[in-house]
Amino acid sequence: MKKKLLIKDVANMAGVSTATISRFLNGKYQSMSETTRQKIASTIESIGYQPNNIARSLRRQESKTIAVIMADIFNPYSMDVLRGIEEYCSQEGYKIFICDAKNSGVRERNYIEEMVNRGVDGFILNTTGENDLFIKGISLEHPVVLIGRKIKNSNISSVAADNAQGVKLALEHLLNTHCSRVSYLTPTPGNVSPRIERVDTFERFAALSAYSHIAFECIQFDIVDREHVTKALETLTPRSSPNHTIITGNGLLSLYVVQAAKALSKRIPEDFSLIGFDETEWSEILKNPLTVVAQPTYDIGCSAAKKIITTLRKENESNEERITLLPFSLIVRETA
């Protein structure tokens, strides 16, 4: 029978004290160098160390609270996700703390540390992508479920939409049109898994023979705002081309493209077609309602809440799959 690893074994392998390992597991990195953090994280991953769940639950008094930290609470994606989380948690007797990281890794980390100090039972995180190592450490001592965005090389549970399937829906729809050119607009992917997955799928489809009659291009934005999108649209659409389709990577980009088109006296779909990722409240009330690839945002929120509450109640007795992928749906309206 394989001997269960203890915290002192991890400390010996990493060449640090047990106190340092304990601080790492509890996210207390203030007096710890980046080199030490990396060494501990790689040691934990290489040996597959998992804390003692029974001891952990005995140390932690249940508070019936869950921290929900969103990368950007005002992104159209976030509101419906939060509604699903709140409604499920409420019916199960849990209260939630909602925190907005404003796409800042520093704010995200500060909120996590604050919520640890408040004694929350667990975390639901839509990460900024800037604190993967930190979140891996937190997940060893506190239940964590990721929504939308995954962390590479981790065993952290997650709930997300199937991004490859979403891109496939949009591009297969174009085969039924006269599209000869498609431009995909996205924030720079960085370390954000949905963006990476969508760009990878877009580029993979570009190489398929079925799409050889369509010119593919991917436009990435380091700064996503109305000014930068307007400049890009001006370059992309110098003249009317109804066979040109723009696909936007999120609801905010969709909004900026619609605003930019108006500012440039461009008409949708007469001058170019438009498909947006994510359904929004305004999508169907435009003069020409927006065709969208819609995430099941409410269901993502409910599924994440269910997953973490199941973990809290049963620890690792849960038989649920670690990764839950939910399908997109294509809502065809007038813009494409």
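User: Which residues touch the most other members of the largest nonpolar core?

Analyst: In this predicted model, the largest nonpolar core holds 41 residues, and those touching the most other members are Ile 66, Ile 85, Ile 147, Leu 171 and Ile 247.

User: Why does this core lie between domain 2 and domain 3?

Analyst: The place of a core follows from where its residues come from, and here domain 2 (63-161 + 298-326) and domain 3 (163-295) both give residues to it, so the core lies between them.

User: How should I read the domains themselves, and what is the distance between the centres of domain 2 and domain 3?

Analyst: The domain assignment divides the protein chain into domain 1 (7-51), domain 2 (63-161 + 298-326) and domain 3 (163-295). Taken over C-alpha atoms, the centres of domain 2 and domain 3 are 29 Å apart, while the contact takes 10 residues from domain 2 and 12 residues from domain 3.

User: What area is buried between domain 2 and domain 3, and how many salt bridges are counted there?

Analyst: The buried area is about 1000 Å², with carbon and sulfur atoms giving 45% of it, and the count between the two domains is 1 salt bridge.

Methods:
Residues are numbered from 1 along each chain as its sequence is written. This is a predicted model: local features need pLDDT of at least 70, side-chain atom pairs count only at pLDDT 80 or more; totals for chains, interfaces and linings use all residues. Side-chain values use heavy atoms; hydrogens and water are left out. Domain bounds come from an automatic or database domain assignment. Contact means heavy atoms within 4.5 Å. Buried area is the accessible area (1.4 Å probe) that two parts lose on being put together, summed over both. A salt bridge is a side-chain nitrogen of Lys or Arg within 4 Å of a carboxyl oxygen of Asp or Glu. A nonpolar core is a set of buried Ala, Val, Leu, Ile, Met, Phe, Trp, Tyr and Cys residues joined through side-chain atoms within 4.5 Å. Buried means under 20% relative accessible area, exposed over 50%, partly exposed in between (1.4 Å probe, protein chains only).
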